[in-house]
Amino acid sequence: MAWDAWGLPERRQDLSDAQRALLTAALGVSGDLQPERDAAAVTLTESALTSAASTALAEAVGADHVHTDHDRRLRHSGGKSTPDLLRRKDSGPQQAPDAVVEPADHDQVAAVLTVCAAHRIAVVPFGGGTSVVGGVDPEPGDLTAVVTLDLGRMNALLDLDVESGTATFGAGTTGPQAEQLLAEHGLSLGHFPQSFQFATLGGFAATRSSGQASAGYGRFDDMVQRFRVVTPAGELALGQAPASAAGPDLRELFIGSEGVFGIITEVTVRVHPEPEHTVYQAWSFPDFAAGAHALRTLAQSPDKPTVLRLSDEAETGLNLALASDIGGAAPTGGCLAITTFEGDRAGAQARAGRAAALLTAAGGTALGEQPTRAWEHGRFDAPYLRDTLLRAGAIAETLETATTWQNLAHLRQSVTAALTGNLTAQGTPALVLCHISHTYPTGASLYFTVVCAQSEDPLTQWMSAKRAAGDAIVAAGGTITHHHAVGRDHRPWMAAEVGELGVAVLRAVKNTVDPDGILNPGKLIP
Ligand SMILES: Cc1cc2nc3c(=O)[nH]c(=O)nc-3n(C[C@H](O)[C@H](O)[C@H](O)COP(=O)(O)OP(=O)(O)OC[C@H]3O[C@@H](n4cnc5c(N)ncnc54)[C@H](O)[C@@H]3O)c2cc1C
């Protein structure tokens, strides 16, 4: 992965003429790309790792797997949000882990935690490093140093139980690795977040990730069957049976725990046969309210799609203005909805047919399959455009929330108003786009994309807008995050989310499993 951007360096893209023209007309941004920065020119803070600690870590994982070189430290210096990328452009010394440690298995993770507790070193678990909330920031807290624990070597399929439909992976297995290993057995996991190419199963679990096919296969939370976890206080193996009445489900302590309670070393997930057939259907609705009503009706019906999304008027219009390949009966306005139905041929077609009747009755116009196929084709490309826009003098950042169907319109209006108001007051009026990205019978998530010109200090500019949006989300009754997690960036709103008693419960758990506070300081718990 590129050190200063999302994804593969060779897939960096220029702006198209249409994109450049729109940027200039709508936001007054010239679109000229700033030159790329040489990684070797970035200054990092000195490594604070003592030679005694270095020797002990080398004994734990092998000397070849303890790294203090510039390149490795730089590549683990943070995640992939716009603020992360802006910080990497900074000319001063940058925060980086004092070492990057790569364990091979569960026992080596346990050995690393023992060394770090003894030497008072903070440990930041690192899967794909795709966090967009500061989750992998190398914060030492009040400890002597910080190591980033890169789990990338733990990427094997450890067990496959075809009869029960479960597979156990090393926590550092990436999305594509998992799908490839399962495909050899005709199976699939079906978890496709936009960060799929680089993010890991341990990271999905630790952040409560939600993939694009969540309507059909559920969130990653729903897929997790068992965990193996190492904490500084000992080990836990959780989830022995498919269901249990043995008290509270302690797996829930580690789903969404963002590395502050323990290191997930092995994840057992539910898998299913690769779908035989996919039906693609796109729909147009006159406006967002009509589209949201239609999605609710479908989400509450037995005929669940696999993918179900609805862009608002602004997002539909912008995508239309920029896309050359939407094709088919492309929408001419209103709101575009995307659906897919996966399964055996007859079952998928039957569900899609019943859904079509339902969406038509709710005011939808069928657009054929091409807009949905075009969405699927380009579904992992948007982050590359985000980074090009950043180099072109614009900010293009996203944020997300969720609420009940009843509160959805109010939440969308509140967040949009907060973002537009804040950025206009800063002298950089913004385009605020929104889509429904995940649906449930009781509600849905809203995913906002904000595009505006950069001010002189774009980091401060965005953090101000993000604060306004976070406050608006809380005031309007939304969750501070539906799937990006809390990390460092959403921590200020955690007390509002779970209450002071909820925070105290989290602290009590932390004190029990990590009494010296070595795990991922400064994240999740205020
Ligand atoms: C372009 C882009 C698109 C994205 N799209 C989506 C999306 O569609 N859906 C979605 O849900 N998220 C999305 N995200 C957010 C991010 O990809 C997810 O949060 C993902 O689940 C993180 O996985 P990772 O392996 O990269 O974890 P990391 O970023 O490495 O870590 C995330 C957090 O989990 C902790 N952690 C990681 N591994 C472990 C482990 N084994 N044990 C304990 N703690 C651990 C880390 O310390 C950190 O706090 C996106 C991010 C980007 C940059």
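Notes on the model. I am working with a predicted model, in which local features need pLDDT of at least 70 and side-chain atom pairs count only at pLDDT 80 or more, while totals for chains, interfaces and linings use all residues. I number residues from 1 along each chain as its sequence is written, and my side-chain values use heavy atoms, with hydrogens and water left out.

Entry on Glu397 and Arg386. I placed Glu397 in strand 16 (residues 394-404) and Arg386 in helix 15 (residues 382-391), so the pair ties together parts that are 11 residues apart in sequence; helices (H or I, at least four residues) and strands (E, at least two) are DSSP runs, numbered from the N terminus. Glu397 counts as buried because its relative accessibility is 5%, and Arg386 is also buried, at 12%; I take buried as under 20% relative accessible area, exposed as over 50% and partly exposed as in between, with a 1.4 Å probe and protein chains only.

Entry on the other pairs. I list 22 salt bridges in the structure. Glu252 pairs with Arg208, the closest N and O atoms being 2.9 Å apart; Glu252 lies in helix 10 (residues 251-254) and Arg208 in the loop between helix 7 (201-207) and helix 8 (214-217), so this bridge ties together parts 44 residues apart in sequence. I noted Glu252 as partly exposed at 40% relative accessibility, and Arg208 as partly exposed at 25%.

Arg412 forms a salt bridge with Glu313, with 3.6 Å between the closest N and O atoms, and this pair links distant parts of the chain, Arg412 being in helix 16 (residues 408-425) and Glu313 in helix 12 (residues 313-322), 99 residues apart.

Entry on the cavity. I searched the whole structure and found 1 cavity of 30 Å³ or more, a cavity being a set of points on a 1 Å grid over the protein atoms alone where a 1.4 Å probe fits but cannot get out. The largest cavity holds about 40 Å³ of space, and its lining includes Leu399, Glu400, Lys466 and His490; lining residues have an atom within 4 Å of a point. Helix 17 gives the largest share of that lining, 4 residues.

Conventions: A salt bridge is a side-chain nitrogen of Lys or Arg within 4 Å of a carboxyl oxygen of Asp or Glu. On a 1 Å grid over the protein atoms alone, a cavity is a set of points where a 1.4 Å probe fits but cannot get out, and a pocket is an open set with protein on both sides within 12 Å along at least five of seven lines; lining residues have an atom within 4 Å of a point. Grid points are joined across faces, edges and corners, and a volume is the space filled by probe spheres set on the points.
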